[in-house]
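Subject: Structure handover

Hello,

Here is the structure I promised to pass on. Please open it alongside this message; my notes follow below.

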Amino acid sequence: TEEDLFCIGCGAKIQTDDPKGVGYTPQSALKKGLESGELYCQRCFRLRHYNEIQPVSLTDDDFRRLLSQIRDANALIVYVVDIFDFNGSMIPGLHRFVGDNPVLLVGNKEDILPRSLKRSKLTDWLRQQANLNGLRPLATTLLSAKKGSDVDDLLALIDKYRGDRDVYVVGVTNVGKSTLINRILKQNTGVADLITTSRFPGTTLDKIEIPLGEDHVLVDTPGIIHPEQMAHFLSPEALKFVAPQKEIKPRGYQLQDGQTIFLGAVARFDLVKTVGGNKTAGVTAYFENNLPLHRTKLENAENFYENHAGELLTPPTKEELADLPALARHEFKTDTKSDVVIEGLGWVTVPANATVVGWAPKGVNVLLRRAMI
Ligand code: GDP
């Protein structure tokens, strides 16, 4: 029966039901694979024949199991995060699963952040945020998997620190892990017999080993899904206004106490009060350039939303609005220059000594952090 079949590439249990799941193989390929005696899951097949990694994801439990294998392995861990969505890129408890293994922290999507921003400052910020999450990376580096910039720096770091370890690449879904690995594959041509037999045969954990040079192995691991990502509440159409594709142009506002900025109809920012006499504050919004921002009075904001969500305030559209959970309120007081982060969407940078509110669909995280910029 199907239950006894495993991919000879990665060792994942073969299944034919869930194209997005681990071990998926189309029925037709299953038949061919059985006949030829070389049964690969679709992911390994594509890697073997097209030199291309497909993203896959795992449920929480399976992911935890995978992480605990990493703890016991002799591994150099390459932890990929999306610098535009750092908090959404966090793997809960990763520092525990890492054990004594060294970590390289990779901030991907550097092309999205303003070019004027000093890279050294950004790296420091990233390292500090990692420390707050209990992680002490050996090195922190920035790159753009999409553009291919600075990937060589990462390869040099891997070379420097790997010793006799295998290299495990980990990250939550959407951080660009597959894009990065495909980049690395392209830069390491002559990958003949890509897939080695799984070192953990019979596990349902879908790991892929890629030879790096003569005797180096890179292990791709599935991403973990964050169910509360903004992306899950929006249509692909609406996502175009939300997920930044290009360098973000910061949008500055001189706000008065009691003013609101709507971010389409997906989120909202209020300046409630500033301490001191001037009752005004300079704030800067970092969101996808096409996301329409709309300033209005706080006291009318509720009404304004009722009347204009899905029309003047968009995305989403009026029809899609029904699928969006109601906006929930999160209030903060800043004691230093800070970012009000709406996870997966962007952030508003606010000065010290202000009372501010971030609103996001219920379930989406809103948090305050030290200003990145
Ligand atoms: P994975 O789930 O971590 O494997 O993520 P993917 O590699 O599938 O990438 C998720 C999304 O991020 C895709 O839309 C990619 O085009 C985009 N992406 C990946 N790397 C970059 C990057 O360096 N810059 C930008 N702007 N987008 C990227």
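The shell around the ligand has four nonpolar, ten polar and four charged residues. Here Ala, Val, Leu, Ile, Met, Phe, Trp, Tyr, Cys and Pro count as nonpolar, Asp, Glu, Lys and Arg as charged, and the others, Gly among them, as polar. In total, 18 residues surround the ligand. The closest are Lys-146, Gly-176, Lys-177, Ser-178 and Thr-179. A residue is near the molecule if its C-beta atom, placed from the backbone, lies within 6 Å of it. Helix H7 (residues 177–187) gives the largest share of this shell, three residues.

Two notes on the model before going on. It is predicted, so to speak of local features a pLDDT of at least 70 is needed, side-chain atom pairs count only at pLDDT 80 or more, and totals for chains, interfaces and linings use all residues. Residues are numbered from 1 along each chain as its sequence is written.

**Overall**

The protein has nine helices and 18 strands. These are DSSP runs, numbered from the N terminus: helices are H or I with at least four residues, strands are E with at least two. Of the 373 residues, 42% count as buried. Buried means that 20 or more other C-beta atoms lie within 10 Å of the residue's own; exposed means 12 or fewer, and partly exposed is in between, with C-beta atoms placed from the backbone.

Take the contacts between residues at least 6 apart in sequence: 72% of them join residues at least 24 apart. Two residues are in contact if their C-beta atoms, placed from the backbone, lie within 7 Å.

**Domains**

The protein is divided into domain 1 (52–224) and domain 2 (232–370). These bounds come from an automatic or database domain assignment. Domain 1 puts nine residues into the contact, and domain 2 puts in nine residues. On the side of domain 1 that touches domain 2, four residues are nonpolar, two are polar and three are charged.

**The five-stranded sheet**

Five strands make an open sheet, in the order E13-E10-E11-E17-E14, with antiparallel pairing. Strand E13 (293–297) and strand E14 (327–333) are the edges, and each pairs on one side only. Two strands pair if DSSP finds at least two bridges between them. On average, neighbouring strands of this sheet are turned by 20 degrees against each other, direction ignored. The axes are lines fitted to C-alpha atoms, for helices over the stretch in contact, and angles run from 0 to 180 degrees between N-to-C directions.

Look at strand E10 (residues 259–263). Five bridges join E10 to strand E11 (residues 267–274), and the two run antiparallel. Five bridges also join E10 to E13, again antiparallel. Thr-260 stands opposite Asp-270 in E11, and its bridge partner in E13 is Thr-296. Ile-261 stands opposite Phe-269 in E11.

How many residues of E10 are buried? Five of its five are, so the strand counts as mostly covered. In a regular strand the side chains alternate between the two faces of the sheet. In E10, Gln-259, Ile-261 and Leu-263 point one way, while Thr-260 and Phe-262 point the other way.

The hairpin of E10 and E11 has three residues between the strands. In this hairpin, Gly-264 takes a positive phi near 50 degrees.

**An open helix**

Helix H1 (residues 27–36) has ten residues, and the number buried is zero, so H1 lies largely in the open. Gly-37 follows H1 and has a positive phi, near 75 degrees.

**Backbone points to check**

- The peptide bond from Thr-314 to Pro-315 is cis, with omega near 0 degrees.
- The peptide bond from Pro-315 to Pro-316 is cis, with omega near 0 degrees.
- Pro-315 sits in the loop between helix H9 (301–308) and E14, and Pro-316 is in the loop between H9 and E14.
- Asp-150 is not a glycine, yet its phi is positive, about 65 degrees. Asp-150 lies in the loop between strand E4 (139–142) and helix H6 (151–162). With 18 other C-beta atoms within 10 Å, Asp-150 is partly exposed.
- Asn-353, a residue other than glycine, has a positive phi near 65 degrees. Its loop runs between strand E16 (346–350) and strand E17 (354–361). Asn-353 has 15 other C-beta atoms within 10 Å, so it is partly exposed.

Best wishes
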